[in-house]
2 protein chains.
Amino acid sequence: VNDLDVIAALATPVGKSALAIIRVSGKESHKIVSKCIKEADKFLSASFNYIYRYNFVDNKRNEIIDDITAIKYGNSKSYTGEDMVEIFSHGNKIIINEILNELTKNGARLAGKGEFTRRAFLNGKIDLIKAESIHQIIDSSNEIQKRICNNVKENKYEEIINSWKQDIQTLLVEIETEIEFSEDVAVEHKNYEMVDNIINKILKEKSLWDSIRVLNKSQKIVIAGPANAGKSSLFNTLVGYNRAIVTDIPGTTRDTISETIIIENNEIELIDSAGIRDTENKIEIEGITRTIQEIEDASIVLWINSVDQNRIEPDERLREKVIKINNKIDINNGKNDTENDEINISIEMGINIDKVYEAIKERIITINHAEIPSLIANERHYQITETMLNYLKDVIEYWNEKEKASYFLYKVLEEFEELLGKRDREEIYNSIFDKFCIGK
Amino acid sequence: VNDLDVIAALATPVGKSALAIIRVSGKESHKIVSKCIKEADKFLSASFNYIYRYNFVDNKRNEIIDDITAIKYGNSKSYTGEDMVEIFSHGNKIIINEILNELTKNGARLAGKGEFTRRAFLNGKIDLIKAESIHQIIDSSNEIQKRICNNVKENKYEEIINSWKQDIQTLLVEIETEIEFSEDVAVEHKNYEMVDNIINKILKEKSLWDSIRVLNKSQKIVIAGPANAGKSSLFNTLVGYNRAIVTDIPGTTRDTISETIIIENNEIELIDSAGIRDTENKIEIEGITRTIQEIEDASIVLWINSVDQNRIEPDERLREKVIKINNKIDINNGKNDTENDEINISIEMGINIDKVYEAIKERIITINHAEIPSLIANERHYQITETMLNYLKDVIEYWNEKEKASYFLYKVLEEFEELLGKRDREEIYNSIFDKFCIGK
């Protein structure tokens, strides 16, 4: 364990809430926190991993800042691999500010972005890919990102990396052997195929990532159609039908024209294009422009007509993403001259709202099941595979100059280590030369 | 302990963050959470108050939702006075949504506002005033609110309530005694004074609360003055000088024209009136109107002139709240024809910025030291003292009709119990008749 300075940071979002968590990490963290706790002896003698109540104090002003609970962690069982404290205070800006102030006055400093996870990485608690995945889990807003993170969590990435590394290492041993013992013999055709094979795998990975990248954008559903067809009613009905639980929590702002709903683990922005126009009716033109823009950005457009007024059809270019809806079928007198692929509803009577929801869900599920890459979990990995690919092309180019081919294969292996964040290249050489091992 | 159903809720703000806390409370809470945990046996046999790692799972889909830590509480040491669980997950909307979904699928329901604290109150863990103070602590944004909450925390409210109650009870006993034994003797003058005394105390409380109510508004500081005097530079400098620690945390939006800073425990909105104009330059008139409005709402106006251009003086009506500043004194060639109460600075050279800060701080400290009421900690209390006051006036009015005077004194005592939320009026009568106790 490295002896770094003590860092402190708020680990929960800023806002008014029942609770907030402040994390403190570093060898001296227990001592520093004890200086800010009225019951310092109780805190210092408390068992690890056990939560107790304390008073967090400003000792200079002899004032209680907040009544808190806190957990003390030893370095063996903490997130960072250092001694740590987690402080649970009331969720109030002034209190959090005062607590962080006291901690810094007593020797801690405010942590930089990701510094706790960086320490976990430096202390060998997690590898770089795991560290990245923690960030990605927090950042994910859809099922695909979640599947990618789960891959990492379940160690599938390491399996794949290790198997590909294995291939390269095997090849490298053979080439090195040839260099050593049989300089005149051409490298086997089989090996050439192996390189080609890896190149193709990487190309496939890259193209999968390219397609994921598009799906990864936050999904938007726009409700559009002629005036008075029921856009805002449909908006409110769908929001009520499947509002994300988290948006029910006080403090979450409710926008009148857009609302986040969660469908099949995808955070989706539902937009009422009627609202866009209404709020900007001073500048009607601008409102329409904005609607058009929203529709272009959307992955699904719910196009709603009403049977009691003239139909307007959506632009042909939108066909792929439009779900057509006819409202007010309850006043249609039994007539039904709508097209087959349309959903007939009555928002007022609550008819077929579930069908609209199912139609949306179906499209979302299709997105959810898109194939995900096995090796690339983020842009950094994408960049590294790009570099790998270039080295592999060099290997092909210099196939008949074995020393050069060998050199570029080493470079590919280095990039695998880069993936895992093992900047100490010793290990690459060790693993290679352990096998090589012909007394040279 | 009442056997209520199991409630679950997010206890931290919604947003992307390292951690989120989900609280679960109710007799069956341990059982319900165990159904969502892969290591169910480990969880069920875990010691109370200890934090352990678990996998939170969707058992139906056999999928890990998140790797969490959790603490199990027994009813004797929990916040609500019921069996409880606190779940610490990653701070991600989709994960939080899934966890709450799983909990509700397994028998919990989403908690309403303040329901955890309400249970703590119902289970006798806290009285109503303490319960309210928890809400007020979270909601407080300045030193005065904090001082009021500290009063409550340190039980000063209960002391005062009890001493006032004591006075009323003493008086009531005397009046009842008179009714019983000496119907013809007039009530002592001393007692009349006591009522008058309490009325005056309550009137003082109310007027203190009235003045606090104004100070309680979130404080605004507006930077105003002629164009090019350095408004935006001063804004940025002050923000940098004392930015609230919490606003450094990723995810906090940085507004270009207003920023929250914390000075002496007051959340203060610092507003750059230049910015108001600049962002709305299409509708210049509206921008100016808004500036005027901001200045009127502000408790402090930093009025900045620059020595290298013609001065503009603030409106005379603003005198009370203006701090006058002269910028660019470094290019003033030693001349200094400014007024005495003005602060000469150079933002560019960093001269006297601390003096501006100190001038602001001085005014804030004056506000901080304003006298606070002893009995009224919120609007509910204010309403109750209003009712008390009316009953006390009735006591005065019917002073010579002792039965009526006695009746209205009972009513006053009931209002004291209302303050503490003791809806069971038994206690009032008990305490009265215990003293009364003359075999009747």
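Trainee: Which helix of chain B holds B:E397?
Mentor: Quick heads-up: this is a predicted model, where local features need pLDDT of at least 70, side-chain atom pairs count only at pLDDT 80 or more, and totals for chains, interfaces and linings use all residues, while side-chain values use heavy atoms, with hydrogens and water left out. Residues are numbered from 1 along each chain as its sequence is written, and chains are lettered from A and ligands numbered from 1 in the order in which they are written. Helices are DSSP runs (H or I, at least four residues), numbered from the N terminus. B:E397 belongs to the run covering residues 379-397 of chain B, which is helix α13.

Trainee: Is B:E397 buried or exposed?
Mentor: Buried means under 20% relative accessible area, exposed over 50%, and partly exposed in between (1.4 Å probe, protein chains only). B:E397 has a relative accessible area of 56%, so it counts as exposed.

Trainee: And B:I168, buried or exposed?
Mentor: B:I168 lies in helix α7 (residues 156-181) of chain B. Its relative accessible area is 0%, so B:I168 is buried.

Trainee: Which residues does B:I168 touch, leaving out those up to four places away in sequence?
Mentor: Contact means heavy atoms within 4.5 Å. With those sequence neighbours left out, B:I168 touches B:I198, B:L392, B:L409, B:V412, B:L413 and B:F416.

Trainee: How are α5(B) and α6(B) oriented to each other?
Mentor: The axes are lines fitted to C-alpha atoms over the stretch in contact, with angles from 0 to 180 degrees between N-to-C directions. For helix α5 (residues 128-139) and helix α6 (residues 143-153) of chain B, the axes come within 9 Å and cross at roughly 150 degrees. Angles under 35 degrees count as roughly parallel, over 145 as roughly antiparallel, 65 to 115 as roughly perpendicular and the rest as oblique. The two helices are therefore roughly antiparallel.

Trainee: Which residues of α6(B) meet α5(B)?
Mentor: From the α5(B) side come B:I129, B:K130, B:S133, B:Q136, B:I137 and B:D139. Their partners in α6(B) are B:Q145, B:I148, B:C149, B:V152 and B:K153.
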